[in-house]
Amino acid sequence: MTATATRELLLSRIRDVPDHPKPGVVFKDITPLLADPEAFAALTGALAELCTRFGATKIVGLEARGFILAAPVAVSAGVGFIPVRKAGKLPGATLRQAYELEYGTAEIEIHAEDLAPGDRVLVIDDVLATGGTAEASLDLIRRAGAEVAGVVVLMELGFLGGRARLEPALRGAPLEAIIQL
């Protein structure tokens, strides 16, 4: 399947939900894509190909939809999967990073021992919106001593400016979006 055909298939399986979670917001629901085995397999294959191209040795999935996308990619690409969770969800020693949201602040964590120097880590998430969570994950990866291989998302909501925010934190690592809106 060509990249264009893959994008068209994926886009056809993403449902717009008006006024969710609040009035004026159009939520991009990926559950129809996940329910379609052909579309989910096409997405997993496209993400696994990027993982290989970027030379990743580990994949970080961002809570929560990033877990759903990243775990099968890690299996397909033959690399490890590390969840980045909301603060307080992981047992044991963690690294924590605070970041700014449109409406306040939040914190994410990663297990400190899951990454090491020499690891090349690809970050996978469903949507790049304002870029805050992705930026914080890059800080965590580097604080753990690993290298950022890149960031890959299913959808980029360009009108929210996440790419511009994320570019300095990438330090030259690639940022790919399968679908740009």
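## Close-up views of a predicted model

View 1. The buried residues of α5 are G132, A134, A136, S137, L138, L140 and I141; "buried" means under 20% relative accessible area, "exposed" means over 50%, and "partly exposed" is in between, using a 1.4 Å probe and protein chains only. Helices here are DSSP runs of H or I with at least four residues, strands are DSSP runs of E with at least two, and both are numbered from the N terminus. This is a predicted model, so local features need pLDDT of at least 70 and side-chain atom pairs count only at pLDDT 80 or more, while totals for chains, interfaces and linings use all residues. Residues are numbered from 1 along each chain as its sequence is written, and side-chain values use heavy atoms, with hydrogens and water left out. Helix α5 covers residues 132–143, 12 residues in all, and spans 17 Å from its first C-alpha to its last. That is close to the expected 16 Å, where the expected span is 1.5 Å times one less than the number of residues. Just past α5 comes G145, with a positive phi of about 95 degrees.

**View 2. Helices α1 and α3 crossing.** Two packed helices are described by the angle between their axes and the distance between the axes. For α1 (residues 3–12) and α3 (residues 37–53), the axes come within 10 Å and cross at roughly 130 degrees. So α1 is oblique to α3: angles under 35 degrees count as roughly parallel, over 145 as roughly antiparallel, 65 to 115 as roughly perpendicular, and the rest as oblique. Axes are lines fitted to C-alpha atoms, for helices over the stretch in contact, and angles run from 0 to 180 degrees between N-to-C directions. The α1 and α3 crossing is left-handed, meaning that the near helix is turned anticlockwise from the far one by less than a right angle; clockwise would be right-handed. On the α1 side, look for T6, L9 and L10; on the α3 side, look for E38, A39, A42 and L43. These residues are in contact, that is, they have heavy atoms within 4.5 Å.

**View 3. Helix α3 again, now with α4.** The axes of α3 and α4 (residues 65–77) come within 9 Å and cross at roughly 65 degrees. This crossing of α3 and α4 is right-handed. From α3, the residues F40, L43, T44, L47, A48 and C51 meet I68, L69, P72, V73, S76 and A77 of α4.

**View 4. D119 and its partner K58.** You'll find D119 in the loop between β6 (104–111) and β7 (120–128). D119 has a relative accessible area of 12%, so it counts as buried. Its side chain makes a polar contact of 3.2 Å with the side chain of K58. A polar contact is a pair of N or O atoms within 3.5 Å; within protein, one must be able to donate a hydrogen and the other to accept it, and residues adjacent in sequence count only if both atoms are side-chain atoms. Setting aside neighbours within four places in sequence, D119 touches T57, K58, D114, A146 and E147.

**View 5. E156 in strand β8.** E156 belongs to β8 (residues 147–156). Its relative accessible area is 7%, so E156 is buried too. The side chains of E156 and Q180 are joined by a polar contact of 3.2 Å. Leaving out neighbours within four places in sequence, the contacts of E156 are L128, R163, A177, I179, Q180 and L181.

View 6. Most residues other than glycine have a negative phi, and most peptide bonds are trans. Look at the loop between β1 and β2, where D19 sits: its phi is near 60 degrees, a positive value in a residue other than glycine. D19 is partly exposed, at 49% relative accessibility. P21 lies in the loop between β1 (15–18) and β2 (26–29), and the peptide bond from H20 to P21 is cis, with omega near 5 degrees. Another cis bond runs from E63 to A64, with omega near -5 degrees; A64 lies in the loop between β3 (58–62) and α4. R171, in the loop between α6 (162–170) and β9 (175–180), has a positive phi near 50 degrees. With a relative accessible area of 65%, R171 is exposed.
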